[in-house]
Amino acid sequence: MVSWLKDAVFYEIYPQSFNDTNGDGIGDIQGIIEKLDYIKDLGANAIWINPWYDSPFKDAGYDVRNYKLVAPRYGTNEDAKRLFVEASKRDMHIILDLVPGHTSEEHPWFIESGKPIVDADGNEAKNEFSDRYIWSDFWLGSIAGHPYIGGECDRNGTYMLNFFKCQPALNYGFAEPKEKWQMSYQDEEPGKTLEAMMDVMRFWLDMGASGFRVDMADSLVKDDDDKKSCTSKIWHKVREMLDAEYPEAVMVSEWSNPLLAINGAGYHMDFYLNHIGNGYNTLLRDHESEGEDRTYFKKNADGDITRFLTDFIPKYEGTKDKGYISFLTCNHDTPRASRTLDESELKIAYATLLTLPGVPFIYYGDEIGMRYIENLPTKEGGYTRTGTRTPMQWEAYADSSSEGGTAGVGGSSAGDINMGFSTAAPDRLYLPIDPEGPSVREQQARPDSLYNTVKEILRIRHAEKSLNADADFEVILGEKDKPFIYRRGEIVIVVNPSEREMSFEANVLIDALSRSEKTIGLDDRTIYKTGSIDIIEDRLVVSPQCFVMLR
Ligand code: NOJ
């Protein structure tokens, strides 16, 4: 297992919206460099940057036109190099977003691939890229179960799509070809696609990247079985390449099936995404339940941690010595948790996520409780995701239209227009700011803020080996309507997100702390607390909205 992951905490940056240093209304690499100290100071020592490659941006950069070139709107490859150097000086790691399954329709590979493969005399006229994408040999008909498109190129045939219309699927072959235009994943041409993708990986790893978040990692081989056996074999080759050539490099998959992604495909980490029906989903936003909101971290919810544990524990047990499950505060595809949880609820939710086993990811702005903005017009293919992608709010809101500005809570200088994100005119911003929303400045100034809670939990996480990604994890008490108690190494954590006081037999906690005497000095053992716990007549009494760490 790559050792730096044990103490890694990632911060996800959507580069469009993080920090604009050249006043064009959109974030840039220099903006990230200038905020490295902020990120490190918060307690994150690794960064995932969403695609920063040249692109027509019909899907926010997940439609890559040139895998080896930074999009001019973010800067240059020289800026990328500087970022890697600056991060490394601070002992920080940067991973990029690898989009292996599709390119933009404007990628030169695709333009070449769309050229006729038979000349006017009926002779074969294939070029190097003819088989880089998945082409049928008909112009009308269907590619069973797959989206496809015709009428776009001079080539006789239709091509398969991976996501939006602008994203043709790269050819990694089929598990079991059934038509003559389908290739096997073991054929030479799909093999060349993989080589090309590994070449992209080497390019950025050589420049200083520490690895990749991998987009739609399970989607490479078409008509693969439920276990994604063929796709896994492909990732295994990639993992072997990394182990041999870049042993410190890591990959985290957008898969949300750790048993397959980690055990099967050889990923170092797999995201636990908010898929309907999974355990993580019940913690922050419960899309499942109709009517009543059962989100575990809501103070008026039913306190049923079992729905999380029954899903999580087998995944954790099944992968624990091989890789890490990654909890996210949210990501660029998901409504921010602040849509369902208020600040007091978020504090307990994030404190819990950041102390569970595995490698956690914090989405930019979640540390200050940035809001999900409802009903924003779609931007760069964002649709409902757009509300999660608004500019980072560094400074309190100052109304730049009134003379001298009106500094918001926490005080800000009159120069802080656009809440410190950009000096562009507000109507030129990538997306609007949220004047009513929180700011870094206000959150840093208030001792009991979400920001200061996250920072303190991360400080403890880095100081205590017991909170390393791979340190022991054991559920001490995981029942409905009871405090949730778990052990990490030598630390025992008691959680009660609800607005109700809860109690349980004190012996459960005392045993977990490995002490037989009943009068344990809880105060002496407390490393962190919000809310309180007490032992009254053999009962452990846990206050409403409580998160306590004991040694
Ligand atoms: C998943 C990415 O997270 C999302 O933003 C993107 O639109 C799709 N994959 C397609 O690449």
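Q: If helices are DSSP runs of H or I with at least four residues, and strands are runs of E with at least two, both numbered from the N terminus, which residue follows α5, and is its phi positive or negative?

A: The residue after α5 is Gly208, and its phi is positive, near 135 degrees. The model is predicted, so local features need pLDDT of at least 70 and side-chain atom pairs count only at pLDDT 80 or more, while totals for chains, interfaces and linings use all residues. Residues are numbered from 1 along each chain as its sequence is written, and side-chain values use heavy atoms, with hydrogens and water left out.

Q: How many Å should α5 span?

A: The expected span is 1.5 Å times one less than the number of residues. The 20 residues of α5 should therefore span 28 Å, and its end C-alpha atoms, 29 Å apart, agree with that.

Q: Which residues in α5 are buried?

A: A residue is buried when its relative accessible area is under 20%, exposed when over 50%, and partly exposed in between, with a 1.4 Å probe and protein chains only. In α5 the buried residues include Glu189, Pro190, Thr193, Leu194, Ala196 and Trp204. Beyond this helix, Ser210 has its place in the loop between α5 and β8 (211-214), and it counts as buried because its relative accessibility is 12%.

Q: What does Ser210 touch?

A: Contact means heavy atoms within 4.5 Å. Leaving aside residues up to four places away in sequence, Ser210 touches Trp4, His93, Ile94, Ile95, Leu205, Glu248, Ala249 and Val250. Leu205, one of these contacts, is also among the buried residues of α5.

Q: How many Å should α9 span, and how far apart are its end C-alpha atoms?

A: Helix α9 covers residues 306-319, and its 14 residues should span 20 Å; the end C-alpha atoms are 20 Å apart, which agrees. Its buried residues are Arg307, Phe308, Leu309, Asp311, Phe312, Lys315, Tyr316 and Thr319. What covers them includes the helices α7 (258-264) and α8 (279-284), together with the strands β11 (324-326), β13 (473-477) and β14 (484-488).

Q: Which residues line the largest cavity?

A: Its lining consists of Tyr172, Tyr185, Pro190, Gly191, Leu194, Ile234 and Lys237. Helix α5 gives the most to this lining, with 3 residues, and α6 (229-245) is another helix that supplies at least two. The second largest cavity is lined by Leu273, Asn274, Tyr280, Arg285, Leu328, Cys330, Asn331 and Thr334.

Q: What volume has the second largest pocket, and which residues lie nearest its centre?

A: The second largest pocket has a volume of about 230 Å³, and among its 16 lining residues Phe163, Asp215, Met216, Glu254 and Asp333 lie nearest the centre. The largest pocket holds about 280 Å³ of space, and of its 19 lining residues Lys126, Asp131, Trp135, Arg155 and Trp181 lie nearest its centre.

Technical notes
1 Å grid on protein atoms, 1.4 Å probe; cavity = no way out; pocket = protein on both sides within 12 Å on 5 of 7 lines; lining within 4 Å. Points joined across faces, edges and corners; volume = space filled by probe spheres on them.
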